[in-house]
Amino acid sequence: MPRLIQLEEASSTNDIAKELARSGAEHGTAVLAARQTSGRGRMGRSFCSPEGGLYLSVVLRPQITPDLLPLCTPLAAVAVCRALSSETGVECRIKWVNDLLLNGGKLCGILCEGVSGAVVCGIGVNLRAPKGGFPSDIRDLVAVMPKETDRTMLAQAIIRELLSLCGRLPDTAFLEEYRARSAVLGQTVTVRDPAGDYEAHASAIDEHGGLTVALPDGTFKTLRAGEISVRLKTQE
Ligand code: BTN
């Protein structure tokens, strides 16, 4: 069984796991913290990481060609959904590409980063609200677990599911579950693109985890995660 390092506080568990990966840490090595002081999200954003959450980073060494690496984020989303379902009965929807939603609020964010031939898969779950509540700018956007949840138990279940799905790559059967849990398919979304935001209809998720959208002029475009995110009309 690979190592699970448990910390009360970390700057960013992804940064620690990346350092471990650089030093050759084995597939499945994981870092779990109860709070982070410099939690990071996608697109250079910070990730609010107060006491009371689950902050987990897992070193993965998937046996796949580099073009398939973008699959790690949807794979992790499905792994966390499965762990939440089996350990707590909570069923999440997935907002492309890396957010898990519960009752429309963000319960979990995922940040996968490549390092020295490995992938560090970072997962943050809001287990409960911190004392004094979440900061006002995100208070209405986040969700927390409906009942007390054991951090270590949930983390171990997530790691098991991650390793199991990762071990089956390049089999992408998990994408069926990703699609079935999608909160965006069939919805009108606002695409946040550095070149300018636009509205589109989310119509499919392809075999690489890309989101195909229909544009108002009838053409289709497939979005790759990178610098692009989508916003559901219901979240505006
Ligand atoms: C996002 O919502 O944009 C992704 C958030 C990812 C947060 C997790 S918490 C554990 C790991 N450590 C970090 O600094 N980030 C990830």
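These legends describe close-up views of a predicted model. Local features need pLDDT of at least 70, side-chain atom pairs count only at pLDDT 80 or more, and totals for chains, interfaces and linings use all residues. Residues are numbered from 1 along each chain as its sequence is written, and side-chain values use heavy atoms, with hydrogens and water left out.

**View A. Two cis peptide bonds.** W96 and V97 are joined by a cis peptide bond, with omega about 5 degrees. V97 sits in the loop between β4 (93-95) and β5 (99-102). Helices (H or I, at least four residues) and strands (E, at least two) are DSSP runs, numbered from the N terminus. The bond from L169 to P170 is also cis. Its omega is near 10 degrees. P170 belongs to the loop between α4 (151-168) and α5 (174-180).

View B. M43 is not a glycine, yet its phi is positive, about 55 degrees. The loop between β2 (30-36) and β3 (54-60) holds M43. M43 is partly exposed, at 24% relative accessible area. N103, a residue other than glycine, has a positive phi near 50 degrees. It lies in the loop between β5 and β6 (105-115). N103 is exposed, at 79%. Buried means under 20% relative accessible area, exposed over 50%, partly exposed in between (1.4 Å probe, protein chains only).

**View C. Helix α2 against α4.** α2 (residues 72-88) packs on α4 at about 135 degrees, with the axes 8 Å apart. Axes are lines fitted to C-alpha atoms, for helices over the stretch in contact; angles run from 0 to 180 degrees between N-to-C directions. α2 is therefore oblique to α4. Angles under 35 degrees count as roughly parallel, over 145 as roughly antiparallel, 65 to 115 as roughly perpendicular and the rest as oblique. The contact (heavy atoms within 4.5 Å) includes L75, A79 and R82 of α2 and L154, I158 and E161 of α4. Its residues divide into 14 nonpolar, no polar and 5 charged. Nonpolar covers Ala, Val, Leu, Ile, Met, Phe, Trp, Tyr, Cys and Pro; charged covers Asp, Glu, Lys and Arg; the others, Gly among them, are polar.

**View D. An open sheet of 5 strands.** The order is β11-β10-β9-β8-β12, with antiparallel pairing. Two strands pair if DSSP finds at least two bridges between them. β11 (220-223) and β12 (229-232) stand at the edges, each with a single partner strand, so one side of each lacks a neighbour in the sheet. The twist averages 45 degrees from one strand to the next. β9 (residues 198-205) and β10 (residues 211-214) pair over 4 bridges, in the antiparallel sense. A202 has V213 of β10 as its bridge partner.
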